[in-house]
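Below is a short report on one protein model, arranged by sheets, helices, cores and confidence. The sequence and the structure come before the text.

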Amino acid sequence: MRHRWLLIPLLLAWTVFVPAAELTVLAVSDVHGQWQDGENGAGWPRLATLLNRERERAGMENTLLIDCGDELSGSMQLALSGGVLGVEVLNFLEFDVWVPGNHDFEWGVARLRELMAQFHGRVIAANWEGEPAVARFERAGLRIAVIGLTSGVLDWYLRLPDGMPKLITEQKALKLAMAEVTRQPCDVIILAVHRGIYASQAQHLAELIADYPEIDLVLGGHTHVISAGEAVKGIHFTAPGGHGAGVSRIVLDIPEAGKRGARKIASEFIPVTPKVPPSRELVRSMSRKFRLDANSAVLGRTTPAPSRSSKRRYASSFGTLALSGLTAGLPAGTVGLYGNSTSPKAWPEQITERELFAMFPYHDRVAGFRVSRQELTEIIEEQLRMAEKHPYQPVMTGIRVTADTANRVTAFDPELAEYELVTSDFIAAGGGGRYEALHRIGARKQWRFFGILRERVAALLLNTPFPVAIAPEEWLTRLPPSRQLR
């Protein structure tokens with residue numbers, strides 16, 4: 001009798017137990033083709049070792065690899081390969097999903113489509129018209145749907161000579177994608193986005209996903225901010241940072257396909273440390289196809305320049321170099337505008353390929369359009385106000401500006417009705433929110449493009465006899481208190 005009573009509870013327990021499948025998701029974003037260890041991260045070789053280790057630990061049949069974008073621009077290696085290195089790395093590591101980021105569009109829409117076609121996995125971007133919205137997989141015995149969203153505010157980051165991609169709003173795209181997902185049985189829904197929780201030009205992530213509690217996991221990118229795991233509107237969110245700093249590892253304990261039961265999600269950020277060795281296999285494979293080391297040849301020698309000080313907030317050697325690249329070969333009187341935020345701590349007396357790419361890592365184009373005196377006043381006054389709060393001091397050439405301490409422009413030299421203004425397409429598009437006046441004014445202008453800024457700077461250095469004089473250019477004069485506007 002004792003054996004019979006023992007058997008009944010065991011049978012009852014068996015009837016209510018629901019076996020769970022364990023799915024591991026490994027996510028990276030914004031590596032930007034970084035190859036060597038740097039201040040911001042370790043880059044692909046060490047990251048590859050970490051990814052392979054975690055995938056082997058979980059089993060390939062139970063693992064999904066997702067990249068949330070910005071893998072085609074941002075390093076010398078990517079620039080010299082025309083972006084191909086980024087796709088080759090994703091293929092070598094057998095990524096399942098790639099969601100393009102804003103920097104991936106820097107090569108132009110046609111070139112990006114060529115690179116997307118070379119990717120062996122699935123490229124998804126629900127808010128880019130004509131591109132797939134959803135990718136479906138079966139892993140760990142589960143039916144998985146992944147929805148992708150590229151940056152919904154590309155027009156704040158760049159302009160392209162061959163035209164901008166046609167985007168629909170994130171809200172509309174997600175609604176259509178969720179309708180597509182629910183047409184077939186699905187056990188896990190993942191949303192992979194090239195954005196963070198907060199976005200100054202877009203909807204808060206919580207508002208975007210509020211109507212879709214059936215989403216299990218949101219993977220973020222773009223901001224380079226690490227989130228080991230947090231709840232956004234009750235949905236699990238995680239982000240892996242940038243430049244190969246590490247991997248987001250998410251484990252989902254989900255009832256087997258078609259079953260009901262408790263769903264558990266746990267995540268962690270696994271940093272790449274110096275103890276993680278570079279992947280010899282990846283380095284060997286990529287070295288056969290691409291140049292991975294910077295050339296040590298000197299592009300230009302410069303005269304020593306004084307370091308920046310609080311008295312010279314709006315002038316720097318870096319700013320002068322950028323402005324020289326912007327305006328080289330353009331008609332006299334062209335007004336150049338740039339920012340000081342990436343000025344090196346110590347100005348090099350010789351500039352090699354490595355220094356050049358450190359100063360100008362992205363595929364920014366020189367772009368220009370005509371502005372009225374009033375429009376130029378709006379742009380400059382906004383940047384003077386911004387400089388009091390943020391480290392993005394403007395630098396200019398081709399014009400001298402007089403302003404009072406309230407940041408009101410009182411005079412230009414020369415005084416003209418219109419000016420030809422050039423800057424980078426990133427700045428002219430709005431710089432991700434830093435240049436709102438330029439974004440607004442540029443939206444109604446006819447743009448002209450004059451090549452890649454980094455290449456123009458390199459040509460300037462190579463064609464100028466040594467040493468190149470790159471002294472900080474003074475362009476701003478402050479009125480003394482006795483002459484302030486009232």
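Two strands count as paired if DSSP finds at least two bridges between them; strands (E, at least two residues) and helices (H or I, at least four) are DSSP runs numbered from the N terminus. Across this pair, Val-401 stands opposite Leu-476 in E22.

The open sheet has three strands in the order E19-E18-E22, with mixed pairing. Strand E19 (409–413) and strand E22 (476–478) are the edge strands, each pairing on one side only. From one strand to the next the twist averages 20°. Helix H11 (residues 373–387) lies across E18, E19 and E22 and runs at about 120° to E19. Axes are lines fitted to C-alpha atoms, for helices over the stretch in contact, and angles run from 0 to 180 degrees between N-to-C directions.

Strand E1 (residues 20–28) runs antiparallel to strand E11 (residues 246–255), and eight bridges join them. Leu-23 stands opposite Leu-252 in E11.

Strands E9 (residues 226–232) and E10 (residues 235–240) pair in the antiparallel sense over five bridges. Val-232 stands opposite Ile-235 in E10. The hairpin has two residues between the strands, and Lys-233 takes a positive phi near 55°.

Helix H4 (residues 84–92) is largely enclosed by the rest of the structure, because seven of its nine residues are buried. Buried means under 20% relative accessible area, exposed over 50%, and partly exposed in between (1.4 Å probe, protein chains only). The buried residues of H4 are Val-84, Leu-85, Gly-86, Val-87, Val-89, Leu-90 and Asn-91. They pack against helices H2 (44–58), H3 (76–81), H5 (109–117) and H8 (280–287), and against strands E2 (63–67) and E3 (97–98). After H4 comes Glu-94, with a positive phi near 60°.

In H5, Val-109, Leu-112, Leu-115 and Met-116 are buried. Seen down the axis of H5, these residues fall within an arc of 120°, so they line one face of the helix; the arc is that of the directions from the helix axis to the C-beta atoms. They pack against H4, E3 and strand E4 (122–123).

## Nonpolar cores

A nonpolar core is a set of buried Ala, Val, Leu, Ile, Met, Phe, Trp, Tyr and Cys residues joined through side-chain atoms within 4.5 Å. The largest has 95 residues, of which Trp-44, Tyr-338 and Phe-360 touch the most other members. Beyond its neighbours within four places in sequence, Phe-360 is in contact (heavy atoms within 4.5 Å) with residues including Phe-318, Leu-321, Tyr-338, Leu-453 and Arg-454. Another core, of 27 residues, lies apart from it and includes Leu-205, Ala-206, Tyr-212 and Phe-237.

## Confidence and conventions

The mean pLDDT (the predictor's confidence in each residue, from 0 to 100) of the protein chain is 89, and 89% of its residues reach 70 or more. Over residues 1–18 pLDDT stays under 50, and the model has three contacts beyond four places in sequence for them. Where pLDDT is low, the predicted coordinates should not be read in detail.

Residues are numbered from 1 along each chain as its sequence is written, and side-chain values use heavy atoms, with hydrogens and water left out. Local features need pLDDT of at least 70 and side-chain atom pairs count only at pLDDT 80 or more, whereas totals for chains, interfaces and linings use all residues.
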